[in-house]
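Work through these exercises with the model open beside you. Try each task before you read its solution.

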Amino acid sequence: MRIPRIFSSEPLRAGAVCALSDDAANHVARVLRMNVGDALVLFDGTNHVFPATIVAIEKKRVQVELGEGALDDRESPLFLHLGQVISRGERMEFTIQKSVELGVSVITPLWSERCGVKLDEQRMAKKLQQWQKIAIAACEQCGRNRVPEVRPLMKLEQWCSEGSGELKLNLHPRATCGISGLENIGERGIRLLIGAEGGLSAQEIAMTEQQGFHSVLLGPRVLRTETAALTAITALQVCFGDLG
């Protein structure tokens, strides 16, 4: 049986006895039905993992004792910042989950002209919390020991104009260059823009070009926004990262 992996938002140290978060405790005790003496693996986002043993299970509390930590670096050498215009329903959650599994470094949700999602501040705050939880769960599942940040929502223009040394890419069905035609980017990293389900407007495309974005083509077919994001991340990881 695979040993469950649990993220801790608090720093971990060997020999300590600590309580799991409420969500993790519920998952361990009620979903997995684990018992005192069972083994877990905890990680705290520092690229270290800690073997742990359950030492107490109470009604809403699970305590574990930590063993010696060890470095376990599974991060891609490619720094990849995904700017994803918010998509409807579960598509955004799917995109976040799978992009984390594929090794994305940072995710920024974006508003654009053709974004079909309408959220007030309260609902947006809840969405951000949920998206970060999805990123954490994806790391627990796939073995990553650093959790990508899901940044606060930004307007497309604001994100595109942020100062960075990354290579800026925008998918466009009429681009002439594919990802395989990009030169070696070295340690620059990539800022990848994925538009709304209806694409970017002509004005937004012009704006991205003014901000130094390069248009790239994935292939002859028009992909849905969630398919485009994951296809582009995979292709970039194959060319410049750790997928092969």
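Helices (H or I, at least four residues) and strands (E, at least two) are DSSP runs, numbered from the N terminus. The model is predicted: local features need pLDDT of at least 70 and side-chain atom pairs pLDDT 80 or more, while totals for chains, interfaces and linings use all residues. Residues are numbered from 1 along each chain as its sequence is written, and side-chain values use heavy atoms, with hydrogens and water left out.

**Exercise 1. Follow a salt bridge from Glu197**

Task: Which residue forms a salt bridge with Glu197? Which network is Glu197 part of?

Solution. A salt bridge is a side-chain nitrogen of Lys or Arg within 4 Å of a carboxyl oxygen of Asp or Glu. Glu197 pairs with Arg88, and the closest N and O atoms are 3.4 Å apart. Step two: locate both ends. Glu197 sits in the loop between strand E12 (190-194) and helix H5 (202-210), and Arg88 in the loop between strand E7 (80-85) and helix H2 (91-101), so the pair ties together parts that are 109 residues apart in sequence. Step three: check accessibility. Glu197 is partly exposed at 29%. Arg88 is partly exposed at 45%. Step four: widen the view. A network of salt bridges links Arg88, Arg91, Glu197 and Glu226.

**Exercise 2. Examine two other salt bridges**

Task: How many salt bridges does the structure hold? Examine the pairs Asp23 and Lys133, and Glu162 and Arg151.

Solution. Step one: the structure holds 10 salt bridges. Step two: Asp23 and Lys133 meet at 3.4 Å, N to O. This pair links distant parts of the chain, with Asp23 in helix H1 (residues 22-31) and Lys133 in helix H3 (residues 121-142), 110 residues apart. Lys133 is partly exposed, at 46%. Step three: Glu162 and Arg151 meet at 2.8 Å, N to O. Glu162 lies in the loop between helix H4 (156-160) and strand E11 (167-171), and Arg151 in the loop between strand E9 (149-150) and strand E10 (154-155), so the pair ties together parts that are 11 residues apart in sequence. Arg151 is buried, at 18%.

**Exercise 3. Read strand E5**

Solution. Step one: recall the rule. Side chains in a regular strand alternate between the two faces of the sheet. Step two: apply it to E5, residues 62-66. Step three: find the partners. Two strands pair if DSSP finds at least two bridges between them. E2 (residues 17-19) is antiparallel to E5 over three bridges. E4 (residues 48-57) is antiparallel to E5 over five bridges. Step four: look at Val64. Cys18 has Val64 as its bridge partner, and Ile54 stands opposite Val64. Step five: E4 and E5 form a hairpin, with four residues between them.

Definitions and conventions. Buried means under 20% relative accessible area, exposed over 50%, partly exposed in between (1.4 Å probe, protein chains only).
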